[in-house]
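Good morning, and thank you for joining this meeting. Please look at the sequence and the structure as I present them.

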Amino acid sequence: MKTKIIVIVGPTAVGKTALAIDLAQALNGEIISGDSQQVYRKLDIGTAKATLEEQAAAPHHLIDVREVTESYSAFDFVREAKTAIEDITARGKLPIIAGGTSKVCSKVII
């Protein structure tokens, strides 16, 4: 059986986070950040990172998981997102990947 995942992509500040939170609350889901900058601690300005209040409204994964001095690659994202997806689905919840830009991501294979 295939794992069901919702993926929300688009430009910065168009409402992806709000939509992801609404879906997570309505569909018993958890959010995985698909943004290449939100993984970094202290890069809050310019990334439209979910606020602490937004993160409290629905569980978030892959936010603030690296220092700005550390590298983070697409390989790292796939590995860590796959782990998060497996954890989320094992608990009977729906994974929702939100972030990135429509220019970067038209299809993600995990």
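Let us begin with a question: is H60 buried or exposed? The model before you is a predicted one. In this model, H60 has a relative accessible area of 18%. The cut-off for a buried residue is under 20%, so H60 counts as buried.

Where does this residue lie? H60 belongs to strand β3, which covers residues 60–61. Setting aside neighbours within four places in sequence, H60 is in contact with I21, I31, A50, E54 and Q55. A polar atom of the H60 side chain also lies 2.7 Å from the backbone oxygen of A58. As for A98, it is 38 residues away from H60 along the chain, and their C-alpha atoms are separated by 10.0 Å.

Let us now turn to the chain as a whole. It contains 3 helices and 4 strands, and from the N terminus on these run in the order β-α-β-α-β-α-β. Of the 110 residues in the chain, 35% are buried. Among contacts between residues at least 6 apart in sequence, 69% join residues at least 24 apart.

Finally, I come to the surface. The accessible surface of the chain is about 6,800 Å², and carbon and sulfur atoms account for 57% of that. On this surface, I5, V7 and V9 form a nonpolar patch, with about 200 Å² of accessible area together. I5 is located in the segment before β1, the strand of residues 6–8. With a relative accessibility of 32%, I5 is classed as partly exposed, whereas H60 is buried.

Key. Residues are numbered from 1 along each chain as its sequence is written. This is a predicted model: local features need pLDDT of at least 70, side-chain atom pairs count only at pLDDT 80 or more; totals for chains, interfaces and linings use all residues. Side-chain values use heavy atoms; hydrogens and water are left out. Helices (H or I, at least four residues) and strands (E, at least two) are DSSP runs, numbered from the N terminus. Buried means under 20% relative accessible area, exposed over 50%, partly exposed in between (1.4 Å probe, protein chains only). Contact means heavy atoms within 4.5 Å. Accessible areas come from the Shrake-Rupley method with a 1.4 Å probe; for residues, only the protein chains shown count as cover. Patches are made of residues with over 30% relative accessible area and no salt bridge: like charges are joined within 9 Å, nonpolar side chains (Val, Leu, Ile, Met, Phe, Trp, Tyr) within 5 Å. A salt bridge is a side-chain nitrogen of Lys or Arg within 4 Å of a carboxyl oxygen of Asp or Glu. A polar contact is a pair of N or O atoms within 3.5 Å; within protein, one must be able to donate a hydrogen and the other to accept it, and residues adjacent in sequence count only if both atoms are side-chain atoms.
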